[in-house]
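This report concerns the structure shown below.

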Amino acid sequence: PLAIIKNTNRGGAYLASFFLGIGLFAMFLFLTYFFQIVLGYTPLKAGLLFLPFSAGIIISAGITSQLLPRFGPRYVTFGGFILATSGMLLLTRITPESSYVSNILPALIIISLGMGLIFVPLSATALFAVGNHDAGVASAVLNTSQQIGGSVGIAFLNTIATSATAAYVVANNVDPFNPNAQVEGYVDAFMWGAGILAVAGIIWVTLVRITKKDMAVGDQAAVAQV
C-alpha cells in the first residue's frame, strides 16, 4: 500500500535505511579487502576480526532500548549516524602499515556503537502506526531498502575505489596490487562512505519527526489491538 511509504516518518526511515546500506556494506567490503589483500590474513581470520563489531551493536542496541522511550527516535538515531560517520572517517587514515588493534579496531567499535543507536529506532519508526495488517509489508520495505542500498553501494564504491587505485598506478608506475595503490582506493571508498552516512543522518533528522509521546501513543494503540 502506498500509504506506507507516503508517510513522512516512515519514508524518512526507508530513505535513511537505503543510504545506510550503501555506507555499511562499503565498510565490510573494503575492510575485508584490506585484511586479506594488504595484510595477508586468511578469510577465516578476516571474518573473526569483525566479531567486535557485532558485540558493539549488541551493547549499543541494549542501551538504545532504554534511551528510546525517554528521548524518542529522532535524536537518538541522529547521534548514531554521527558516531558511524566519525568511525568511517577514522578508516580513511589507514595505511599499508596500519595495525588492527591500534588503527582498525577503534573505528570498528565506534561504527558499531553508532549502528546500535540506529537500528532499533529505525525499525521502530518504519513500523510506526502501520497496524498489524501491514506490519509485514512495512518491515519488508525496510529490509529491501537496505539490501538495495548495499547492492548499489558495492557497485558504486567499487568503481570509486578501482578508479582511485588505477590513478595511483598510472601516476606512480606501480603494480595494481601494490599495497599503497590498493589502500588509496579503499581510503577513497571510506571517504565516500562517510559522506553517504552523513547524508543518511541529515535525511533522518529532517524527515523523521516522531517524538517520545508519539511512540508511547503508538505502543498503547498496539496493545489495544492485541
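## Ser163

The side chain of Ser163 lies 2.8 Å from the backbone oxygen of Thr159. The model is predicted: local features require pLDDT of at least 70, side-chain atom pairs count only at pLDDT 80 or more, and totals for chains, interfaces and linings use all residues. Residues are numbered from 1 along each chain as its sequence is written, and side-chain values use heavy atoms, with hydrogens and water left out.

Ser163 belongs to helix H7, residues 131-172 (helices are DSSP runs of H or I with at least four residues, numbered from the N terminus). With a relative accessible area of 43%, Ser163 is partly exposed, because this class falls between buried, under 20%, and exposed, over 50% (1.4 Å probe, protein chains only). From Ser163 to Lys213 the C-alpha distance is 48 Å, at a separation of 50 residues in sequence.

## Ser145

Ser145 is also placed in H7, but it is buried, at 11% relative accessible area. Its side chain forms a polar contact with that of Ser17 at 3.2 Å (a pair of N or O atoms within 3.5 Å; within protein, one must be able to donate a hydrogen and the other to accept it, and residues adjacent in sequence count only if both atoms are side-chain atoms). Leaving aside residues up to four places away in sequence, Ser145 touches Tyr14, Ser17 and Phe18 (contact means heavy atoms within 4.5 Å).

## Val152

Val152 is located in helix H7. Val152 is partly exposed, with a relative accessibility of 37%.

Note on methods:
Helix = DSSP H or I, 4+ residues; strand = E, 2+ residues; numbered from the N terminus.
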